[in-house]
Amino acid sequence: MLLVMAWSPMSQAAPECDKAMAPQRCASYRQGWLSCADLADGGRRACIEQYSPPLSCQRSRDAKRCEALQTAQAACEGSEGLARRLCVRERLPAVDCSHSANKARCEQRAAAEQSCAETAAQQGRECVRKALAPAPSSN
C-alpha cells in the first residue's frame with residue numbers, strides 16, 4: 001500500500017523523469033503537475049490534463065494552440081501553481097473564432113475564459129458558466 005502511495009501521481013513532490021520508463025511522457029506530465037501543484041486532488045487532476053502538453057501536436061484539433069502550449073510550458077519553467085498557470089495562459093494565442101458557427105458566442109466564451117483565468121478545474125468551469133449566463137431581466 002505504501003508503495004502505491006509513493007508512486008501516486010497526486011503525491012506532493014513533482015515527478016522526477018530521469019529514470020522513468022517513458023521520460024518524454026513523464027516530462028509532459030511533470031509540466032502539467034507543476035502548473036497545478038497548488039490545487040486540491042479533485043481539481044488537480046482536471047488541471048493537469050489541461051496543462052500537460054501532448055508529446056506530438058500532429059493529431060491535435062488545434063495544432064497551433066498545441067504547439068503554443070508546449071512553448072509556453074517551456075518558457076514558464078521555474079514557476080509553479082497559479083503563477084505558472086497565469087504565465088502559460090498569457091503566452092497562449094487567443095481563441096480563433098473565425099471558423100465558429102456562432103462567432104459571437106465563441107468570442108463571448110473566450111472573454112469569459114480569459115476573465116476566469118486565475119481559477120482552475122471545477123471553479124474555473126463554474127466561473128465561465130456564470131459569466132456566460134444571461135443577465136436576469138428586470139420587469
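In this predicted model, Gln31, Leu34, Ser35 and Cys36 of helix H2 meet Gly81, Arg84 and Arg85 of helix H5, where contact means heavy atoms within 4.5 Å. Sorted by type, the residues of this H2–H5 contact come out as two nonpolar, three polar and two charged. For that sorting, Ala, Val, Leu, Ile, Met, Phe, Trp, Tyr, Cys and Pro go down as nonpolar, Asp, Glu, Lys and Arg as charged, and the others, Gly among them, as polar. The axes of H2 and H5 (residues 81–91) come within 6 Å and cross at roughly 115°; axes here are lines fitted to C-alpha atoms, for helices over the stretch in contact, with angles running from 0 to 180 degrees between N-to-C directions.

Cys36 also takes part in a disulfide, with Cys47 as its partner (S to S 2.0 Å); the term covers a pair of cysteine sulfur atoms within 2.5 Å. The torsion about this S-S bond is about -75°, so the Cys36–Cys47 link is left-handed. Because Cys36 sits in H2 (residues 23–36) and Cys47 in H3 (residues 41–51), the pair ties together parts that are eleven residues apart in sequence. Both Cys36 and Cys47 are buried, that is, under 20% relative accessible area, with exposed meaning over 50% and partly exposed in between (1.4 Å probe, protein chains only).

The structure holds five disulfides. Among them is Cys17–Cys26, again with S to S 2.0 Å and left-handed because its S-S torsion is about -75°. Cys17 counts as buried at 13% relative accessibility, and Cys26 is buried too, at 14%. Another joins Cys97 and Cys106, whose sulfur atoms are 2.1 Å apart. With a torsion of about -75°, the Cys97–Cys106 bond is left-handed as well, and Cys97 and Cys106 are both buried.

As for the chain overall, it has seven helices and zero strands, running α-α-α-α-α-α-α from the N terminus on. Helices (H or I, at least four residues) and strands (E, at least two) are DSSP runs, numbered from the N terminus. Of its 139 residues, 32% count as buried. Among contacts between residues at least 6 apart in sequence, 40% join residues at least 24 apart. The accessible surface (Shrake-Rupley method, 1.4 Å probe; for residues, only the protein chains shown count as cover) comes to about 9700 Å², with 54% of it belonging to carbon and sulfur atoms.

Residues are numbered from 1 along each chain as its sequence is written, and side-chain values use heavy atoms, with hydrogens and water left out. Since the model is predicted, local features need pLDDT of at least 70 and side-chain atom pairs count only at pLDDT 80 or more, while totals for chains, interfaces and linings use all residues.
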